[in-house]
Amino acid sequence: MAKDPYSVLGVQRDASDSEIQKAFRRLAKKSHPDLFPGDKKAEDRFKELNAANDILGDAAKRARFDRGEIDASGAEVRQNPFARGGGGRGHPGGGFGGGGQAGGFQFEDLSDLFGGMFRGGAGPGGPGGFAGRGGQAAPEDTRFKLEVDFADAATGAKRRVTMPDGKSLDVAIPAGISDGQTIRLKGQGTIGGDAMVEIRIKPDPVFKREGRDIHVELPISLGEAIMGGKVDVPTVHGPVNVSVPKGANSGTRLRLKGKGVAATKREPAGDQYVTLKVALPKTPDPELEEFVKAWSAKKPYNPRM
């Protein structure tokens with residue numbers, strides 16, 4: 001048998017809609033099953049709270065309950081058709097005849113029955129009300145976006161975010177997370193809902209990602225291309241000193257094993273691929289031009305063959 005909804009929510013029978021809403025929110029937040037996984041008593045308690053709010057959170061249902069027309073479970077209470085004031089439409093006192101009251105239903109009660117509608121009360125969709133069916137408050141997920149650097153998304157990081165209600169949360173950014181992917185923080189939303197954090201990765205001018213591999217283009221000088229040498233290459237883990245082979249051309253690709261997206265428990269680290277790009281001096285060099293002119297005349301070749 002359902003318990004009296006007023007006692008379940010711990011409010012007086014003359015409590016205002018606002019007081020009922022506050023009581024339900026406070027108790028529902030404390031008793032949400034997500035906080036007590038596997039606890040049958042907590043689950044039953046939460047069901048009781050929802051059932052009580054189903055009656056008292058709806059202006060029409062609350063008025064009918066107060067008049068004894070429905071019980072605590074919302075079921076119709078059978079009336080004695082022969083009792084005083086309980087007749088049907090054709091009996092004295094039945095229907096809406098009989099002067100100022102009808103079957104115990106006073107015309108003034110219309111303001112209670114529809115009061116929530118005109119006052120924007122606690123019924124479904126009303127301001128301050130609950131979106132759940134019959135006025136029940138369903139857990140609400142809180143959604144927001146978090147922008148992170150490319151390197152943080154590749155190697156993993158922790159970021160502190162502030163929720164709309166002012167609460168601060170530490171969000172663990174897993175290594176290899178993709179742009180647009182959502183992190184779910186269980187039970188951190190509104191009324192026991194989840195916090196849904198959509199990750200947006202800032203574009204990076206150097207790094208490009210393909211799966212768990214990272215690609216960069218590295219400019220090298222004409223001298224480095226011809227004679228080779230040591231150069232520093234940026235990676236998401238920090239700079240790495242790399243050997244450029246003699247005679248390197250634009251398009252030559254070097255592989256840096258394990259320098260891509262960081263490893264996780266389920267996936268190995270990716271690699272970084274460095275594509276070399278020969279860059280001539282920004283301003284023409286007459287001496288270089290004369291040398292190349294003389295060299296080309298002696299040793300001509302066609303790179304397109």
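Which residue of S7 does isoleucine 183 stand opposite? Select isoleucine 183 and look across: the residue facing it is valine 197 in S7. Before we go on, keep in mind that this is a predicted model.

**Stop 1: the sheet with three strands**

Now colour S3, S7 and S6. These three strands make an open sheet, in the order S3-S7-S6, and the pairing in it is mixed. S6 and S7 run antiparallel and are joined by four bridges. S3 (residues 142-148) and S7 (residues 195-201), on the other hand, pair in the parallel sense, over seven bridges. For a landmark on that side, select leucine 146, which stands opposite isoleucine 199 in S7.

Look at the edges next. They belong to S3 and to S6 (182-185), and each of these pairs on one side only.

Which residues sit on its covered face? Those are Thr142, Phe144, Leu146 and Val148, while Arg143, Lys145 and Glu147 make up the uncovered face.

**Stop 2: a stacked pair of rings**

Select phenylalanine 150 and phenylalanine 207. Their ring centres are 5.8 Å apart and their planes lie at 15°, so this pair is stacked. Planes under 30 degrees apart count as stacked. Phenylalanine 150 is in helix H7 (residues 150-155) and phenylalanine 207 is in the loop between S7 and S8, so the pair ties together parts that are 57 residues apart in sequence. Are these two buried or exposed? Phenylalanine 150 and phenylalanine 207 are both buried.

**Stop 3: a tilted pair of rings**

Now pick tyrosine 6 and phenylalanine 65. Here the ring centres are 6.2 Å apart and the planes are at 40°, so the pair is tilted. Tyrosine 6 belongs to helix H1 (residues 5-9) and phenylalanine 65 to helix H4, so this pair links parts that are 59 residues apart in sequence. Tyrosine 6 and phenylalanine 65 are both buried.

**Stop 4**

To see what touches, show Asp54, Ile55 and Leu56 of H3 together with Lys61, Arg62 and Phe65 of H4. What kinds of residue make up the contact of H3 with H4? Three are nonpolar, three are charged, and none are polar.

**Stop 5: the sheet with four strands**

Last one! Colour S8, S9, S13 and S12. They form an open sheet of four strands in the order S8-S9-S13-S12, with mixed pairing. Why is one side of S8 left without a neighbour in the sheet? S8 (208-210) and S12 (253-256) stand at the edges and each has a single partner strand, so one side of each has no neighbour in the sheet. Neighbouring strands here are turned by 30° against each other on average, direction ignored.

Finish at S12 and its neighbour S13 (residues 272-278), which run antiparallel and are joined by four bridges. Select leucine 256, and you'll find glutamine 272 of S13 standing opposite.

Note on methods
Residues numbered from 1 in each chain as written. Predicted model: local features only at pLDDT ≥ 70, side-chain atom pairs only at ≥ 80, totals over all residues. Heavy atoms only, no water. Buried < 20%, exposed > 50% of the residue type's maximum accessible area, 1.4 Å probe, protein only. Helix = DSSP H or I, 4+ residues; strand = E, 2+ residues; numbered from the N terminus. Pairing = 2+ DSSP bridges. Contact = heavy atoms within 4.5 Å. Nonpolar A, V, L, I, M, F, W, Y, C, P; charged D, E, K, R; others polar. Axes fitted to C-alpha atoms, helices over the stretch in contact; angles between N-to-C directions. Phe/Tyr/Trp six-rings, centres within 6.5 Å; stacked < 30°, edge-to-face > 60°.
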